[in-house]
Structures are given as structure tokens and as C-alpha cells.
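Trainee: I'm new to this one. Can you walk me through it?

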Amino acid sequence: MIHLEVNGKRHDLDIGPDVPLLWVIREYLKLSGTKYGCGMAQCGACTVHVDGEPTRSCVTPVSSVSGKKITTIEGLGASRAGRAVQKAWTAEDVPQCGYCQSGQVMQAAALLAKNPGPTDTDIDASLSGNLCRCGTYQRIRKAVHRAAGIMAKGGKP
Amino acid sequence: MKGIVNISRRDFLKTGAAISGGLILGLHLNLPESVNAAAQQTPPLVPNAFIRIGSDDTVTIIVNHSEMGQGVYTSLPMLVAEELEADWTKIRVESAPVDPVYNHTAFGMQMTGGSTSVWSEYDRLRKVGAAAREMLIAAAAETWKVNKKGCRAEKGVVIHTSGKKLRYGQVADKAAAMPVPAEIKLKDPGKYKIIGRPTRRLDSPEKVNGRAMFGIDASVAGMLTAVIAHPPVFGGKVRSLNADKARAVAGVKDVVHAPSGVAVLATGFWSARTGRDALEIVWDENPNAKLSTSGMREQYAALARTPGAVARKEGDPEAALAKAAKRLSVEYEVPYLAHATMEPLNCTVDLKPDSCEIWVGTQFQTVDRNAAAGIAGLKPEQVRIHTMYLGGGFGRRANPASDFVSEAVHVAKAARVPVKVIWTREDDMRGGYYRPMWYDRIEAALDEKGDPLAWKHTIVGQSIVAGTPFEKVLVKNGIDNTSVEGAADLPYAIPNVIVDLHSPAIGVPVLWWRSVGHSHTAFVVESLIDELAHEAKKDPYEYRRGLLAKHPRHLGVLRLAAEKAGWGKALPPGRALGIAVHESFGSYVAQVAEVSVSPMGEVRVHKVVCAVDCGMFVNPETIKAQMESAIAFGLSATLHSEITLEGGQVQQSNFHDYKVLRLNEMPEVEVHIVRNTEKPGGIGEPGVPPVAPAVCNAVFMLTGKRVRRLPVRPEDVKQT
């Protein structure tokens, strides 16, 4: 039995220990916001937070996160950084096809939770592992700065 | 929810079908022809098919084009809302079912592609909105028993001169029964309140909170997930199969054959993939196993030295070349490219004896529906397609062969269970339907003043439409227009021109890839013009201007981009500018790239200034976003991406060996939009073609090395 805490809710699951966390989230917990992109931690579409750390769920065996706190895109709005990032993303009209954006948003929120005033270099270092084929990168950069501003003003855009 | 059109929506589905008379395969990718075709067969005006107004005043726009990032779930509703006098905050969007009433106004089938969505709906959706507005006004007038001339509509409310008001939601039911007005007067563009204003995307909120539903997110009760073993060589067939180990994997429920391979069905993706990888398959011997990129290069290079089918000829290029003062003979090449959409291909099918429901991100609804019906043994009307959000399209989800949809229907049919087929990234990368590999040979001649005298351009590459139902319409006199677009319509003033084409048949499936033929022709043409300018010892920008005197829209964007980029200004050491201009899909784009090259030959693009003239436009925010997107997409192909074959097998598999642009490589992009009253042009693709030549022309300025093959290889440009 694997015990997971996802978005504040406890789940006891009878599943193989090697199944990647991504598929447990998508298929067992029916949270489809976390996306499959590459299966080898090359694109970041599957990014979730494990105890606050941005983690590629496609290469994370579910047994390795048993008992840890997992946040997915569906639960991100509960955090200050998460809300700021989602607001900023909409304000900058970041998404295009949108498929990678759950991962982008999760990665950005994790960055801002640790570093509330990231420089462009910090953003490059944190977000270059998240691919976007629509090329929304320029807006992602702007939106991270905007989110930092929102957080600095106590959540107001 | 009650609606203007709730009940009659079923009626229109019948009516629409009757009026349109089924599928018309009249596809024209050539813009002016398309516009003519559209004018000749004006589709019936059925406002009820496109608008549903709820009693809560929400206005649902049923959008017949697929949203794949290009913004049509915002720009197309803007067209309706403008004439409907709707309250923009009440607009919702729903994807259209498949029905002739939703056919593309120029192509006679339901589809999204060719950067056509906005211009092809520009008139129809405004008329739809205006007709619905008039029906709402008529309904309010009837309710009040007043003359409708005393009524007007504003922000979702009908207002009478007496001051009486009725919200759209209050009169929607009655409006649905009103006759569709025969005469519709559209607004003067000067009075637009929504069209032309920067408008935020309607789909952003659900794309940042995980709620947006893509094809891969579809779910049906009792469904199994399938992963398919495809042949390692294109066209391969199973000779023998041992599925014992696959069936032993926990969660695997079934193994079935499909024409495209062997499917393993399981309770979830991981079991299905593990099972698929455990299949023991012996594939047949296949002539495609001899294919290699190096072999194809030799074949193409030899073909490029022989005359092909002539796409354009003016003057006597051979004679002019023979007596020219200066002559240049060069060869350019670009590789196969995968679309590599972020969402790997997938399709969910629920097949029953008398119906087939499909959930899929597709650009080709009519084609996919008909293919599914054929496989299922059903009538097309018995097949229902739910168009989900597309996690990228770029042309891959518009396949005349319906590969990923057909295969899923085959699997559902064989397994007798609802099924979601998911392609792994590796399956997607190796699954073919690439942008063709191209090889171009150009001979050009200059006169004593440095002006071009002759231009002989031979293009070698596979036809995208050969062997598809589109061949009859799109191939004329041996020329697939998508192979020569952007080259045969070379705009520069050159007296002697020949452009010819070889279309070798190769066993690698090919397909349109964002900007199609232009993705290679602009690289060749705009690089070569740059080469000629340098040969002539002239400034590349001024040289182009001199040769484009008869093309004001090219000139307009060229000048705008050059001015905004500060063409000719002093730059930091180690930086240079490159320029390119190209027309495609009815729009004109010029770009100036600011570039540096490291001593090891790594190219870095710092900034791209982009000027675009797409005629009258709907949402300037979309235009900016699409230019940024196209530049990133084009830069991936310029700097990184390449599909190669050896022994018939694709050598790349995932994003570690098929590299695409990452955030740290994204240049600053500045977009300038020309305002005019020209016909609306496309916007999803035209930003791609100029990027590669603009960057490579800058690389030449810096290094003196001319990039003639993509992606740019450090060894080709490093300082020795």
C-alpha cells in the first residue's frame, strides 16, 4: 500500500512501486492537469511539488514519494506564490496551446516561493528545463517578474 | 440553459447538411484562389449553429476551428461579438461538432490550417453575429409590441427609445424562432468596439489551473489505455508476434493487431507501455530499410543538377547565365523535421454497433470522421467527434491519412472496448509525417552594376500531397504548389528566372509543418538575395529595397523592421544584424535579428525585431503572440532540430536528441504591426519563414561564413 498526500488529501493506493507518480496522479487520482510530455524529465510538462520541491513526476516512482506532501496544478491556488503566478500568467496572456503551462506554472511558483525577487538569470536557471513549443518564453519571463511584483504587494495585481 | 438556439440547433444540423450537400473536397491552398472559391460558394447563414444564448445571459459561441494555441477561441468570438453587440464578459466558447454547416468557407470541409481561420470567417461570423442581433431586436420588439426600428442593441441588452430594456437572456427563446434576416448590413470598421482592440485570451484561466481538457485528458467509462508497437521502418508489417511476456505484465488486458502495428491494452498507460515494450515482434523485410539521410542527400544533389518540372519561367535564364559578368552557384539543404507538439499524439474512441464517439485534438474533423466511419462500417453521421484542446498542432494534427485517429478506431474495433491510444514521445518522434527534407540548387548571375540578371532555382523534395486525396486538386502540371510556394513567387525584380522542381517518391511520410513550403523556400531565397547583395558590394537592406519597387507591402514591412531595429546603427562588439522579408499566407513579415557567434561556433540570437502586415486584423495581442511563437518555432529549426535516418530507422527519439529552443535561448522579440485596410491575411504561420535567413544573414556579417544547411552547425561557423 502506498500512502500519498496530494493537495492536502490522503490517498491509500494499492499500486506497483515503480509506477511513475505522473500516471498515479492522472489515472488513479483523476487529476488531469499534470501532463505527459516526454517521460524522461526533458520537458517539464509533468512538474509537481514534492514537499515544495519542483519534481518531474514522469520519472518519479510512486514509492519514492510515499508519505510526502504533493501539490499538483489543481491544488496550487492554495499557496501565495501559486495564486500570484496564476494571476500574472493570465495578465500577461502567457498560454497558447497551454499544454506545457501546468508545468511552467508549477516550476515558476516553486521558484518564487524560495526566491521572491528572481533575476532573469535566476529565471533562466529555473525554467529552462520546461519546454514550450509555442514559444511563450518571453511572456513567461515577464509573468514571473509580474508575479514577484504581485507577491511584493501582498497579492494584489 | 435555454438558448436562442438550443432546440433549433438540432434542426440546423439537419438543415445545414441538406443545404451544403455533403463533403466538397475543393481544397485550394493558394490564397487568391481560395478567396475566389469562397466568393463563389457563399455558405448558408445559420446563426443558430454558432450562437447560443442562455437565460443567464451567457453567450456561447460554437467555434468551428480548432484551438491549438493560435488564439481562435478568442479571435473568432470577437468577430461574432462585435456585430452581436454582446457583452464580452459573457462570452463562452464551445467546440463545434462535425457538420457541413461548420465547413471551412473556402475549403469545403471542417478543418483548421493554412493560417486561414480569421480571414475565412471574417465575413461569415460577423454576419452571423449581425443576424442574431437583428433576431434578438425583433424578438424584443415583438414582446413590447413596438416597431423594431425604435430598438437598438448594446452590450447584451435590447433598448427601446422609450427606455425599456430586455437582456439577451430574456428574449433568447423568442429570438430563436425569428426568421433569419435576408439582408444584413455590417458595421463600418470605424465603429468597431471589439475587433482591432488588444483582447486577452478567453482560455488563459483554464490553462493555468489545470482544468483545460486536451485529447489526452479524455475519459470514458470502462476504457482501457493502449500503447502501440509501430514498425521500426516506415511501412513495415508484422511477420511474427509473441505476446506472452506482454500479457504477463500486471494490468495488461489484451493485445490486438492493427494495420499500423500491435496494440497492448491495459488498465493504465504504464502497464500498456511496459507491455508494449515486452512484445517480441519480428518485422518483415522492407525496401525502406535501405533509406539513409546520406543516401538521400546524394540522390537529391544529383537530381538538383537535372531539369525538373517548371513552376515558373521568365526570359532566358540559361543564356543570361552564360554571358553574365558575375555568376554564383550554390546549394542549400534542410532536414526532415518533426512537429514535436508538446502533447504527444493520442485519440480516444468509444465504438458501439451503431455509433462511434471520438475525443481527439484534431485539425481535420471531416477527414478524420470519414476515415473513422469507413473503418467502423458506419455512416459518417454516426461518428461524433469531440474536438478537445490541441496541445500543439503545427500541421501534425491535419493528416489526410488520419493516422492517429484511424489507428485508434482499428484498436477499438479489434478489442471491442472503449480505448484511449497514447503515443509515447518516442512513438511521436519516430512516427513520420515530417516536414520534408529539401535540397536546393541555385545559379544566379549579376550584371556589371551588381543587379541580378538571372536566377535558376531547382528544388528537390517530396510532395506532401502526392498519394493523398488532395493530389488531384493541388498538383498541377507535376507541381505540388506547397513545394514551390515562396520560391516560384519570388518577388524580386529579376529579368530571367526559372524555378523547377523534382518530387522524388521516398518512403518517409511527410506532412505540412508550420509554414509548409515557405519553411524552406524563404531560407533559400532570402539567404541567396543576401549573397547577391554581398557579391554586389551593396547593403543587404538597400539591395532588397531596390529590387522590390513593385511590391509596396514587402517594402513597407522591410522598412519598418529596419527602422525599428536601427539598421546601420553601431552595435556592441561581436554583434551583427541580419534581415529577411517574406510573404506567406496572405501576410508580409520582415525580421531583423541581432546575433552573436562564440569562437566555438555557438550562435546566440539576442533580439528579433519583427514587422508584420496582415491586412485588417482582429486581435493585435494574437498577432504579437503568434509572431513571438513563430520566431521561437523557427529558431528551433534554425539552431537545433533535425530528423535523420540510418538503415531506414529514425535516429532521434525524444527531446534530448531532437533539440528545440529553451527559455534561456529565447531572444527579446519586438513586434510592430502595420495598420491598413487590406484584406485580412494569415497570422499563425507567416512569422516562421523569415527567422532562419535573418539569423544566418547576421551570422555571415559576423563570420563571413555563409550558412547553407540547417540546423546551423558550430563547425560551419566557428572562427578558425
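Mentor: We'll take chain A, then the interface, then some elements of chain B. This is a predicted model: local features need pLDDT of at least 70, side-chain atom pairs count only at pLDDT 80 or more, and totals for chains, interfaces and linings use all residues. Residues are numbered from 1 along each chain as its sequence is written, while chains are lettered from A and ligands numbered from 1 in the order in which they are written.

Trainee: OK. How many helices and strands does chain A have?

Mentor: Five helices and five strands. Helices (H or I, at least four residues) and strands (E, at least two) are DSSP runs, numbered from the N terminus. Along the sequence, the pattern of chain A is β-β-α-β-β-β-α-α-α-α.

Trainee: And how compact is chain A?

Mentor: Its radius of gyration is 15 Å, close to the 15 Å that the globule rule gives for 157 residues, so chain A is as compact as a globular protein of that length. That radius is taken over C-alpha atoms, and the rule is 2.2 Å times the number of residues to the power 0.38. Along the principal axes, the C-alpha atoms of chain A fill a box of roughly 45 × 30 × 25 Å.

Trainee: What share of chain A is buried?

Mentor: 59% of its 157 residues. A residue is buried if 20 or more other C-beta atoms lie within 10 Å of its own, exposed if 12 or fewer, and partly exposed in between; C-beta atoms are placed from the backbone.

Trainee: Which residues of helix 4 of chain A are buried?

Mentor: Helix 4 covers residues 120-127, and its buried residues are A:I123, A:S126 and A:L127. Seen down the axis, they fall within an arc of 75°, so they line one face of the helix. The arc is that of the directions from the helix axis to the C-beta atoms.

Trainee: What do they pack against?

Mentor: Helix 3 (101-114) and helix 5 (137-152) of chain A.

Trainee: Switching topic. How many residues are in contact between the chains?

Mentor: 49 residues of chain B are in contact with 42 residues of chain A. In contact means that their C-beta atoms, placed from the backbone, lie within 7 Å. On the chain B side, helix 20 gives the most, with seven residues.

Trainee: What kinds of residue are on that side of chain B?

Mentor: 24 nonpolar, 13 polar and 12 charged. Ala, Val, Leu, Ile, Met, Phe, Trp, Tyr, Cys and Pro count as nonpolar, Asp, Glu, Lys and Arg as charged, and the others, Gly among them, as polar.

Trainee: Now strand 7 of chain B. How many of its residues are buried?

Mentor: Six of its six residues, 224-229. B:L224, B:A226 and B:I228 are buried on one side, and B:T225, B:V227 and B:A229 on the other.

Trainee: Which strands does strand 7 pair with?

Mentor: Strand 17 (residues 419-422) of chain B runs parallel to strand 7, joined by three bridges. There, B:L224 stands opposite B:V419. Strand 10 (residues 261-266) of chain B pairs with strand 7 in the antiparallel sense over five bridges. The bridge partner of B:T225 in strand 10 is B:A266. Two strands pair if DSSP finds at least two bridges between them.

Trainee: Last one. Which residues are buried in helix 18 of chain B?

Mentor: B:P540, B:Y541, B:Y543, B:R544 and B:L547. They fall within an arc of 165°, so they line one face of helix 18. Their packing partners in chain B are helix 17 (518-535), helix 19 (552-565), strand 23 (576-584) and helix 21 (691-703).

Definitions and conventions:
Two residues are in contact if their C-beta atoms, placed from the backbone, lie within 7 Å.
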